[in-house]
Amino acid sequence: MRTAASTPAFPELEGRHPCFSITAAGHAASARLHLPVSPRCNIACAFCRRDFNDVEHRPGVASRLIAPDEAETIVARALTLLPNLAVVGIAGPGDPLASDHALDAFRRIHARFPDLVLCLSTNGLRLPDRIDEIVAAGVATLTVTVNAVDPEIQARIAPKIGWQGRGLSGRAAAERLIANQLAGIAAAAARGLTVKINTVLIPEINEAHVGEVARVTAAAGARVINVIPLIPQGDLAHLPAPGIVARARARAAAAEHLRVFSHCARCRADACGIPGVSDVSAELWGDGRVAE
Ligand code: SF4
Ligand code: SF4
């Protein structure tokens, strides 16, 4: 069995990408900007609640949606606020591969700021058929949210998906999503992208399954995993948030197969700064938001 200790580190990213740095010092050495450029999603996670507001600090929330042609101006402004800005990521509010907006924005940023690390976060449904576009746009790091590799479990987490112009539900939806995620991870790894897995830890649904997610995604080519505690909301609002014991157990199970990133701050889709450490997004976006 491969262990975390034998998993290669990321010397090229340690200290250059807060969410691919395993050490606390590396995590705090550089900043990232999230561009809220992706308007819609192609799956329906039961816990998802996307919104536009200035007050909530969680994924799926932004003050407003931006157009791809605004991206360069916003990155230039962020660089004046954050000299250590190293990463521009797109992680919402919808899925970055469900529309063309994210890859359009990345192409523009890569042409003007080639030294910035471009980071894309996706549910993976469109990963296999868009991987060449992703590479051509200059993306270097990829996060795929994989909450289950067992279709029975996955069907409880995202009961519906939209695929090739039609809706799939239940087990058929779960099988398609998982197959695409694993094929997409393998294709991304084969093209040299560094792949991180985000797994939402959901009590009563996947809390005993995280080690298996890590094992299967590691075999596909992922190199690090981020186990994110559920924020109970949407159709899973009745569940408790996972406690410290459940989180420690899940991360220990995942660490059997992948390095574990444990500094996740569950950021907004328009966050700007060092996750959990600093936040200049209120200055950047010009709203009345209170910093994290
Ligand atoms: Fe929401 Fe992301 Fe799930 Fe889409 S993939 S439904 S944006 S949590
Ligand atoms: Fe990094 Fe977690 Fe924030 Fe994503 S949500 S940018 S993985 S700290």
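**Note on helix packing, sheets and ligand shells**

1. In this predicted model, the axes of helix α2 (residues 71-81) and helix α3 (residues 101-112) come within 9 Å of each other and cross at roughly 50 degrees, which makes α2 oblique to α3. Axes here are lines fitted to C-alpha atoms, for helices over the stretch in contact, and angles run from 0 to 180 degrees between N-to-C directions; those under 35 degrees count as roughly parallel, over 145 as roughly antiparallel, 65 to 115 as roughly perpendicular and the rest as oblique. Helices (H or I, at least four residues) and strands (E, at least two) are DSSP runs, numbered from the N terminus.

2. On the α2 side, Ala71, Glu72, Val75 and Ala76 meet Ala105, Arg108, Ile109 and Arg112 of α3, where contact means heavy atoms within 4.5 Å. The residues of this contact of α2 with α3 divide into five nonpolar, no polar and three charged, with Ala, Val, Leu, Ile, Met, Phe, Trp, Tyr, Cys and Pro counted as nonpolar, Asp, Glu, Lys and Arg as charged, and the others, Gly among them, as polar.

3. Eight strands form an open sheet with mixed pairing, in the order β12-β11-β10-β7-β6-β5-β1-β13. Its edges are β12 (259-261) and β13 (272-273), each with a single partner strand, so one side of each is left without a neighbour in the sheet. Two strands pair if DSSP finds at least two bridges between them, and strand β1 (residues 31-34) pairs with β13 in the antiparallel sense over two bridges; Arg32 has Gly273 in β13 as its bridge partner.

4. Two helices lie across part of this sheet: helix α7 (residues 210-220) lies across β10 (194-201) and β11 (224-229), running at about 165 degrees to β10, while helix α8 (residues 244-255) lies across β10, β11 and β12, running at about 165 degrees to β11. The axes of α7 and α8 come within 7 Å and cross at roughly 25 degrees, which makes α7 roughly parallel to α8. Val210, Gly211 and Ala214 of α7 make the contact with Ala250, Ala253 and Ala254 of α8, and by class this contact of α7 with α8 has five nonpolar, one polar and no charged residues.

5. A further open sheet has three strands in the order β2-β8-β9, with antiparallel pairing. Here β2 (43-44) and β9 (166-169) stand at the edges, each with a single partner strand, so one side of each has no neighbour in the sheet. Strand β8 (residues 160-163) is joined to β9 by four bridges, the two running antiparallel, and Trp163 has Arg166 in β9 as its bridge partner. Helix α6 (residues 170-190) lies across β2, β8 and β9, running at about 100 degrees to β9.

6. Around ligand 1 are Cys41, Ile43, Cys45, Phe47, Cys48, Arg50, Pro93 and Asn123, a residue being near a molecule if one of its heavy atoms lies within 4 Å of it. By class, that shell has six nonpolar, one polar and one charged residues. Around ligand 2 are Cys19, Arg32, His34, Lys196, Asn226, Cys264, Ala265, Arg266, Cys267 and Pro275, a shell of five nonpolar, two polar and three charged residues.

7. Residues are numbered from 1 along each chain as its sequence is written, and chains are lettered from A and ligands numbered from 1 in the order in which they are written. For this predicted model, local features need pLDDT of at least 70 and side-chain atom pairs count only at pLDDT 80 or more, whereas totals for chains, interfaces and linings use all residues; side-chain values use heavy atoms, with hydrogens and water left out.
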